[in-house]
Amino acid sequence: MAAPAVVLALQDASAQEPPPPAPEAPAAEAAPSRPEVEMPRLLELVPAEYPIEAKTAGLERVVPLHLTIDSEGAVIKAEVIEPQGYGFDEAAQGAALRFRFEPARRAGRPVAAKIRYDYAFRLEPATEAPEPAPPSGASNVPEGTPPGGPAATEHKAGSPPPQAGGPPLRPIEVQVQGETKADQLRRSAEAVHVIETKDARRQSADLGEVLSRSQGVGVRRGGGLGTRARVSLNGLTDDQVRFFLDGVPLELAGYGLGLENVPVNLIERVEIYRGVVPIRFGADALGGAVNLVTDQGYRGTRAAASYQLGSFGTHRLTASGRHLFEPTGVFASASAFFDATKNDYLVDVTAADELGRPYPARVRRFHDDYRAYGGNLELGVIDRPWAKRLLLRLFVADHDKELQNNPVMEVPYGEVTSGELAQGGTLRYEKPNLFVRGLRLALLGGYTRRTIDFVDRSPWRVDWFGRRVARLDSSQPLAEIGDATDATYLEHRVHGRLEVSYSLPHRQELHVAVSPGFSTRDGRNRLHTSSAVRDPLSVERELFTVVGGIDHKLTALDGRIENVLFAKDYLYRASGERTSPGGAITPVERATHTQGFGDALRFRALDWLWTKASYEYATRLPRPDEVFGSGTAIVPNLALEPETSHNANIGVMIDAKDTAAGAFRGELNGFLRGTQQLIALQPVNTNLSKYMNVYTARSLGVEAAAGWTSPGDYLWLDGNMTWVDFRNTSDEGEFSEFEGDRIPNRPWLFANASLRLQFSGVNAVNDELSLTWNTRYVHDFFRGWESAGFRKDKQIIDSQTIHSIALTYLVRSVVQVSSSMELQNLTDARAYDFFGAQKPGRALFFKGTVEY
């Protein structure tokens, strides 16, 4: 819903007459209260470069612009109202996009805004305006009152920028709540849910926790910080869901451990695509995609840092900064993070006494340390005539993790460790209006080198108290899990993407994307000493894929209808080596070629009410390890077929921001996933397993969310619920006897709720105090097939309700500072995502952030 326009005052460098002095208020009269809506205030104005040809020809122009200013004060969009040509439009836009404002405020809370700004290009030197009397304050003109004089702010190119508070004020029109990128995605035809992390960045929750509070998303862990998260979207999970960082596959951006390894303070928003994935990602996703978006602002100078400490020896540090060298367009940014935790929380286990008799015990974990660090450096140029963006990003990330126990917490470990080091870089290039107006080109290329280590070579067994209780003799493997291993895997991956889009008449757009990828992987076990038999880990594997797509976007009926029709093509070629029990090596190959297609439709019935429907015939290509095996316990399966699914969504959304009763938001979605050839790891014998296309399944569900914000933004209420009926539909094969059963070991009913109380002006004009309560409920579910055996004999993960509460204090100024205290798992409930794998209990965390 478009917000109503209100008339406010903004600085005008071109005005010559000072405003009349305000009448003095009687001494007994109380000071006026702060206006409900406050204007954006210009902090940094950047002179534009005068177009050389226009300057030579002696041309002058005034370029009228509409500037969209986000809630952080950055200009995120500059639209030319009346084009002037001769390079004036581009120069004015480029300069305006680098302006910085104190953001507009509604009831003291920063909000996005849209203003008109006239940028004047004059050849003669600017004459100084007479020094005006200081303004008595911004005028607060009733809604609907026409602006007096030109509704514009003018600055002459080449003249010094006006100083804040110096020039007189003139009324202009400000449209509060301008549409952000997140709003644009929500209102698009795409099946996407957007989470903005502004509040989460000030609190202790990591990205896994942030996602788990969203409808339709399940995030499950077998432990604390550093434990790999298993994310599901509408029932589909693991490799069926793809993850990206700014459109780059997450493992190619330095975060091979996964989602939980990405610091939330480096992320601006999270885009969750449900089942229908846009072609721009160039991905073979079956269940959907999650795109983590970092700060996309390139203007001015910004810096931020955060530090968190708390229970279980947890320390988390992030820092970032960026700067644009205005005259040259050279841009530089850097970010870094460090995480460390002992994960020494209490767990309930079955221990053994001196005679080997089992008994229940509560013990503290002792071998679950996690360490991670990483950083990236980005250099390039932006907003040049030959490139909108040319950026090189280099990164490094490393993590080390101790393994405390087997997946169901029945066997403790004392020396098993794993780790990964990732190094690489990406190069981006974007050029709008390539050769002809409306033709846009975007190129991406990247390389990543991953070194993965796994060590299991202890000759001792340990108990849950960390004591060595048995020494392994020579007849047993000198390891805690299986065969003794000191392994390193080395992986090289090259990734590319080409995108071309063209704007057609009648609000149409054509978009083509092609994304090739190539990877190699081999390894070695340092404990393999036989010269007669080749090390099984040394077998080489290569994978080449090309995912391409084309879509057509149509916007009609004055923007009420948006439709995207698309088709995809998947090419897959894998080659490797297979080892036989006797050590012989045989080369093998696997290739496949398939297509997909879909459509996404959005209809806006009212400005605050719209509906969406989408469909995709989706494909997920097998991973190399699924086809070629692991070289040890997983054997190859060259007959493995791609997973496919018919994915459909339909929903209705409301977003009524400006009503007398506050802001209302809501969403109701239904989804259907009809999947075939689902891949699962199956046992071959007591020692070996193999990935197989074993069953088909149908996921039918509903997800709903609703929220309300009180007038004045003092109280926020939000809640969501997800019901997933994910059932086995196989009528033949190994799982046919379980036809009609729910897919086991997956939650099927869960809900979230949150309440936030927020107060502004507590101790200072620009401060904010908030108290946030979150709760999550997960209904009980079976670990195995529900029709197998008696209920009393089945393994069940019981229903759980987990609460957390956070208190945050924020002070806004040129430097923004916040501090937060958060108590997680408030009631110290026993928390499990997987059977037997206990998560941390009650925990207290403190966090501070500084932003400039």
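Modeller: Gladly. This is a predicted model. Let us begin with the rings: Tyr50, Phe88, Phe99, Phe101, Tyr117, Tyr119 and Phe121 form one aromatic cluster.

Colleague: What makes Tyr119 and Phe121 an aromatic pair?

Modeller: Their ring centres lie 5.5 Å apart. The cut-off is 6.5 Å, so they pair. The structure holds 17 aromatic pairs.

Colleague: Why is the pair of Tyr119 and Phe121 called tilted?

Modeller: The angle between the planes is 35 degrees. Stacked needs under 30 degrees and edge-to-face needs over 60, so 35 degrees counts as tilted.

Colleague: Why do Tyr119 and Phe121 count as buried?

Modeller: Tyr119 has 0% relative accessibility. Phe121 has 0% too. Buried means under 20%, so Tyr119 qualifies, and so does Phe121.

Colleague: Now Tyr273 and Phe281. Why is that pair called edge-to-face?

Modeller: The planes of Tyr273 and Phe281 stand 65 degrees apart. That is over 60, so the label is edge-to-face. The centres are 5.2 Å apart, within the 6.5 Å limit. Tyr273 and Phe281 are both buried.

Colleague: How do you know that Arg742 lies over the face of Trp748?

Modeller: Arg742 is at 4.1 Å from the ring centre of Trp748. The limit is 6 Å, and the charge must also be within 35 degrees of the ring normal. Arg742 is listed as lying over the face. Arg100 lies over the face of Tyr852 too, at 5.8 Å from the ring centre.

Colleague: Where does Ser515 lie, and why does Ser515 count as buried?

Modeller: Ser515 lies in strand S32, residues 508-525. Its relative accessibility is 3%, under the 20% limit, so Ser515 is buried.

Colleague: On to a sheet. Why do strands S16 and S19 count as paired?

Modeller: S16 (residues 241-245) and S19 (residues 288-293) share five bridges, in the parallel sense. At least two are needed, so they pair.

Colleague: What is the order of strands in the open sheet, and why are S12 and S17 at the edges?

Modeller: The order is S12-S18-S19-S16-S17, with mixed pairing. S12 (192-196) and S17 (248-249) each have a single partner strand, so one side of each is left without a neighbour in the sheet.

Definitions and conventions: Residues numbered from 1 in each chain as written. Predicted model: local features only at pLDDT ≥ 70, side-chain atom pairs only at ≥ 80, totals over all residues. Heavy atoms only, no water. Helix = DSSP H or I, 4+ residues; strand = E, 2+ residues; numbered from the N terminus. Buried < 20%, exposed > 50% of the residue type's maximum accessible area, 1.4 Å probe, protein only. Phe/Tyr/Trp six-rings, centres within 6.5 Å; stacked < 30°, edge-to-face > 60°.
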